[in-house]
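Here is a short briefing to read alongside the model. Please take a look at the fold, and then walk through the points below.

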Amino acid sequence: MWNIPNTLTTFRLFLIPIFLVIFYLPFSWAFFAAAFVFWLASITDILDGYLARRLNQSTPFGAFLDPVADKVMVCAALVALSSHYQSLYMTIPALVIISREIVISALREWMAEQGKRDNVAVSNMGKFKTAAQMLAIIGLIWQFDTWMIYLSYGLLYVATFLTLSSMLQYLMAAWSELTKNRS
């Protein structure tokens with residue numbers, strides 16, 4: 001169970017409270033440090049999956065924990081950013097992204113119960129969404145300058161569009177199962 005990919009995933013979970021504490025520190029360097037911690041967590045997200053496949057170390061524990069760590073990490077950052085920016089421009093995309101994660105998690109669980117889990121497996125669109133989302137969040141945390149904030153907002157809206165698109169893609173893939181009459 002404790003192989004390199006699972007250790008990286010657990011490390012990502014460990015970084016979440018560290019990120020939050022640093023984000024709220026009243027120091028000029030806090031946003032940069034919080035962005036760095038979030039970046040480090042994002043890198044572990046890329047590495048754990050790559051290493052699990054490359055080293056043939058995929059485990060049921062890792063398959064369970066990896067998406068949990070991803071969702072908690074992103075949700076924690078989006079809630080902190082919504083609190084910090086206090087703007088509909090931040091809150092609405094955050095709500096859409098968090099809601100999509102809940103919907104798709106529930107859909108995947110339900111489809112697994114139906115024996116149709118492969119119908120809602122992770123797609124390439126989901127990977128692009130994750131990349132745009134992570135870059136947007138890092139930029140919005142760091143807040144280096146105005147152009148970075150605007151660019152990050154743009155990426156956040158790209159991620160939000162991809163979030164909605166991928167959710168529709170997953171729902172359409174599951175639609176025949178969702179609408180079956182099981183009387």
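**Overall picture**

Among contacts (heavy atoms within 4.5 Å) in the chain between residues at least 6 apart in sequence, 75% join residues at least 24 apart. This is a predicted model, in which local features need pLDDT of at least 70, side-chain atom pairs count only at pLDDT 80 or more, and totals for chains, interfaces and linings use all residues. Residues are numbered from 1 along each chain as its sequence is written, and side-chain values use heavy atoms, with hydrogens and water left out.

**Fold and dimensions**

- The chain has 6 helices and 0 strands; helices (H or I, at least four residues) and strands (E, at least two) are DSSP runs, numbered from the N terminus.
- The radius of gyration is 17 Å, close to the 16 Å that the globule rule gives for 183 residues, so the chain is as compact as a globular protein of that length. The radius is taken over C-alpha atoms, and the rule is 2.2 Å times the number of residues to the power 0.38.
- Along the principal axes, the C-alpha atoms fill a box of roughly 60 × 40 × 25 Å.

**Surface and charge**

- Of the 183 residues, 44% count as buried, where buried means under 20% relative accessible area, exposed over 50%, and partly exposed in between (1.4 Å probe, protein chains only).
- The chain exposes about 10,300 Å², and carbon and sulfur atoms supply 71% of that area; accessible areas come from the Shrake-Rupley method with a 1.4 Å probe, and for residues only the protein chains shown count as cover.

**Helix α5**

- Helix α5 (residues 124-142) has 19 residues and reaches 27 Å from its first C-alpha to its last, close to the 27 Å expected at 1.5 Å a residue. That expected span is 1.5 Å times one less than the number of residues.
- Which residues of α5 are buried? Among them are G126, K129, A132 and Q133, as well as the run from A136 through I137, I138, G139 and L140 to I141.
- The cover over the buried residues of α5 includes α1 (4-23), α2 (30-54), α3 (60-85), α4 (88-113) and α6 (146-178).
- Just after α5, Q143 takes a positive phi of about 55 degrees.

**A closer look at L88**

- L88 lies in helix α4 and is exposed, with a relative accessible area of 62%.
- Leaving aside neighbours within four places in sequence, L88 is in contact with P93 and Y157.
- L88 and M172 are 84 residues apart in sequence and 29 Å apart in space, C-alpha to C-alpha.
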